[in-house]
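User: Please go through the terms used to describe this model and, for each one, set the value against its definition.

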Amino acid sequence: MKDFAAIDFETANSCRSSVCSVGLIIVRNGEITDRLYSLIHPEPNFYNYHNVMVHGLTDRDTVDAPIFPEVWNQMEPLIKDLPLVAHNSSFDESCLKAVFKVYQMDYPDYTFYCTCKASRKKFGKELPNHQLQTVALRCGYNLKEHHHALADAEACAWIARETL
């Protein structure tokens, strides 16, 4: 796969619609052509301790952030008809569907590919685990800011270029 969009969401709480940041990497002809990162005012707007400990974002970071539809209006033209790629894609796909539903937006039937599944298939027991940072390093990307949505999306793009 040479053309795709790697996407990663972070959430404020256990509700999948509570996306509080998004990272998007556009790959065309195997090369990264665009990057987009945005904080998002989550819905519902509260932060769980566990989520904050994972990504470090709090209400202070997103209090003045745009709501999801405003962010998506910037992202959608970049994605166009590209397939979406995510590590553990079921999470990111469920976040996208949930936030579309909250804002009563028509959900395009995006095609998602999972780099975690692809990694298991390609690398098998060669790796000690198939966590994002482990697989990214195997594919030549040193993920220094794990759980920053843009860094995670870029790591995913590196993995996708090797495994999909």
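User: What makes the length of helix 7 close to the expected one?

Analyst: Helix 7 covers residues 149-163, which is 15 residues, and helices here are DSSP runs of H or I with at least four residues, while strands are runs of E with at least two, both numbered from the N terminus. The expected span is 1.5 Å times one less than the number of residues, and helix 7 reaches 21 Å from its first C-alpha to its last, close to the 21 Å expected. This is a predicted model, in which local features need pLDDT of at least 70 and side-chain atom pairs count only at pLDDT 80 or more, whereas totals for chains, interfaces and linings use all residues. Residues are numbered from 1 along each chain as its sequence is written, and side-chain values use heavy atoms, with hydrogens and water left out.

User: Why is helix 7 called mostly covered?

Analyst: Buried means under 20% relative accessible area, exposed means over 50%, and partly exposed lies in between (1.4 Å probe, protein chains only). Twelve of the 15 residues of helix 7 are buried, among them L150, C156, I159 and T163. The cover over these residues includes strands 1 to 4 as well as helix 5 (115-123) and helix 6 (132-138), where contact means heavy atoms within 4.5 Å.

User: What makes I25 buried, and which residues is I25 in contact with?

Analyst: I25 lies in strand 2, and it is called buried because its relative accessible area is 0%. Leaving aside neighbours within four places in sequence, its contacts include F4, I32 and D34, together with L150, A153, E154 and A157. The C-alpha atoms of I25 and F4 are separated by 8.4 Å, although the two residues are 21 residues apart along the chain. Strand 2 as a whole is mostly covered, with nine of its ten residues buried.

User: How do you know which strands of the sheet are edge strands?

Analyst: Two strands pair if DSSP finds at least two bridges between them. The open sheet has five strands in the order 3-2-1-4-5, with mixed pairing, and strand 3 (31-39) and strand 5 (112-114) are its edge strands, each pairing on one side only. Neighbouring strands are turned by 25 degrees against each other on average, direction ignored. Helix 3 (residues 68-79) packs on this sheet, touching strands 1 to 4, and its direction makes about 10 degrees with that of strand 2, whereas helix 4 (residues 89-102) runs at about 75 degrees to strand 1. For such angles, axes are lines fitted to C-alpha atoms, for helices over the stretch in contact, and values run from 0 to 180 degrees between N-to-C directions.

User: How many bridges join strand 2 to strand 3, and what lies between these two strands?

Analyst: Eight bridges join strand 2 (residues 19-28) to strand 3, and the two run antiparallel. Within this pairing V22 stands opposite S38, V27 has I32 as its bridge partner and R28 has E31. The two strands form a hairpin with two residues between them, and N29 in the turn has a positive phi of about 50 degrees. Strand 1 and strand 2 also pair in the antiparallel sense, over eight bridges, and there I7 is partnered by L24.

User: What makes a set of residues a nonpolar core, and which members touch the most others in the largest one?

Analyst: A nonpolar core is a set of buried Ala, Val, Leu, Ile, Met, Phe, Trp, Tyr and Cys residues joined through side-chain atoms within 4.5 Å. The largest has 23 residues, of which I7, F9, L24, F68, W72, M75 and L96 touch the most other members. Helix 3 gives the most to this core, with five residues. Beyond its neighbours within four places in sequence, W72 is in contact with residues including I7, L96, F100 and Y110. A second, separate core of eleven residues includes L127, L132, A136 and Y141.

User: Why is S18 called buried, and what does its side chain reach?

Analyst: S18 sits in the loop between strand 1 and strand 2, and it counts as buried because its relative accessible area is 0%. The side chain of S18 reaches the backbone nitrogen of N13 at 3.1 Å.

Technical notes:
A polar contact is a pair of N or O atoms within 3.5 Å; within protein, one must be able to donate a hydrogen and the other to accept it, and residues adjacent in sequence count only if both atoms are side-chain atoms.
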